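Reader: I have a model open on my screen and would like to talk through it with you. Could we go over its helices and its aromatic rings?

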Amino acid sequence: MAEFVRLEPALVHKIWGGKRLGEPNAAGEGVGEAWILSAREDNPSIVASGPHTGESFLDYVNDLGPVGLGKNAGVMDAFPTLIKFIDAATPLSIQVHPDDAYARANGMPYGKTEMWIILAAEPSAFLYLGVKEEMTPEEFAAAIADGSIEDKLNRVPVKPGDVYFIQAGTLHAIGGGILLAEVQQNSDTTYRVWDFGRVGADGKPRELHIPQACDVANLSPLAGLGELEEARAVPGGTCQMIGQGTCFRTERWVLTGEAELPVTSDSFMAVIMLEGMADLALNNQAPADKAGETYFVPAQDAELRVTPSADGCTLLCVTVPAAV
């Protein structure tokens, strides 16, 4: 049976980035994103344990092959999932992402549906999610042009533990003072709608993508923002399914005692420790895991045993569901 590996993130500096994920660069940009599970050529994670230590996660995945990815992911055109920590010291742009059909029509394997798990937030922190009222594409373009687009969007206060599922096409922005985990399709395609008048490192306004945004934006109000399934009791604590798209299924496990997480030949599993510490055991492999660390478990039929410390732990388990 294949061993699992710990991953080190690729750190990405952003104009809006903070200081919780790393140090600013020479241009004064903070680390906005830590790509903790990334098989992308631009910012791959790095394998940090086992015989593949030092190898890019992209190379590791290619060496692993379809069997190690599992039946669900192994048949996909590209590695399906990207997971990040995001530290927004100041707001991100108001933006929107395409769905799969639009992405493929424009030469990309995936659109971008994503979900956010709020890890820390200042008392006044908020997100923009979706429109307040139905809009036409013409009204949408006019609101961008006259600077009233912020007034057209839902402003959603957030607190640690909140979860939001952002379907492709949803207008959104992460507000300042928020640290979150993002689980998403493996895409970095963003259509920027509004950037609060900021300029980039070159001193010029950052590019907007209005025609593309008008093509893909859902201009109808959303239903069920932040609603989740109830957590179910499991040996050792609780398990809650908190979000599922075509390229990821995310469960939140809150544990105070030993638990066994099922690993199957259908999918790999990514394990991200959000809070606390635990010992992990798979076959004869038994490393310790602490808050902020990420492990990749190749697809196989096995049980990942998690033994939390006395204070317990909270972790995310991300797998790939079967195609509908």
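Author: Gladly! One definition to start with: helices here are DSSP runs of H or I with at least four residues, numbered from the N terminus. Please keep in mind that this is a predicted model.

Reader: Thanks! Which residue with a positive phi follows α4?

Author: Helix α4 covers residues 137-145. Past its end comes a residue whose phi is positive, near 80 degrees, and that residue is G147.

Reader: Within what arc do the buried residues of α4 fall?

Author: The buried residues in this helix are F140, A143 and I144. Looking down the axis of α4, they line one face of the helix, because they fall within an arc of 100 degrees.

Reader: And which exposed residues does the face turned away from that buried side carry?

Author: The buried residues of α4 pack against β13 (191-194) and α5 (210-216). On the face turned away from the buried side, the exposed residues are E138 and A145.

Reader: Let's move to the rings. What is the angle between the planes of F57 and Y60?

Author: The structure holds ten aromatic pairs. F57 and Y60 form one that is stacked, with 5.9 Å from centre to centre. These two are about one helical turn apart, because three residues separate them in helix α1 (residues 57-69). Planes under 30 degrees apart count as stacked, and here the angle is 25 degrees.

Reader: How many residues apart in sequence are the parts that F79 and F268 tie together?

Author: F79 and F268 also form a stacked pair, at 5.1 Å centre to centre and 20 degrees between the planes. F79 lies in the loop between α2 (71-74) and β5 (81-88), while F268 lies in the loop between β17 (259-263) and β18 (269-281), so the parts tied together are 189 residues apart.

Reader: Is F268 buried or exposed?

Author: Buried means under 20% relative accessible area. For F268 the relative accessible area is 0%, so F268 is buried.

Reader: Which residues do ring pairs link into a cluster?

Author: F57 and Y60, both buried, belong to it.

Reader: One last point: what is the relative accessible area of H52?

Author: H52 sits in the loop between β4 (46-47) and α1. Among the residues H52 touches are Y60 and D63. H52 is partly exposed, because its relative accessible area is 28%.

Conventions:
Residues are numbered from 1 along each chain as its sequence is written. This is a predicted model: local features need pLDDT of at least 70, side-chain atom pairs count only at pLDDT 80 or more; totals for chains, interfaces and linings use all residues. Side-chain values use heavy atoms; hydrogens and water are left out. Rings of Phe, Tyr and Trp (its six-membered ring) pair if their centres lie within 6.5 Å; planes under 30 degrees apart count as stacked, over 60 as edge-to-face and the rest as tilted. Buried means under 20% relative accessible area, exposed over 50%, partly exposed in between (1.4 Å probe, protein chains only). Contact means heavy atoms within 4.5 Å. The arc is that of the directions from the helix axis to the C-beta atoms. Lists of a residue's contacts leave out its neighbours within four places in sequence.
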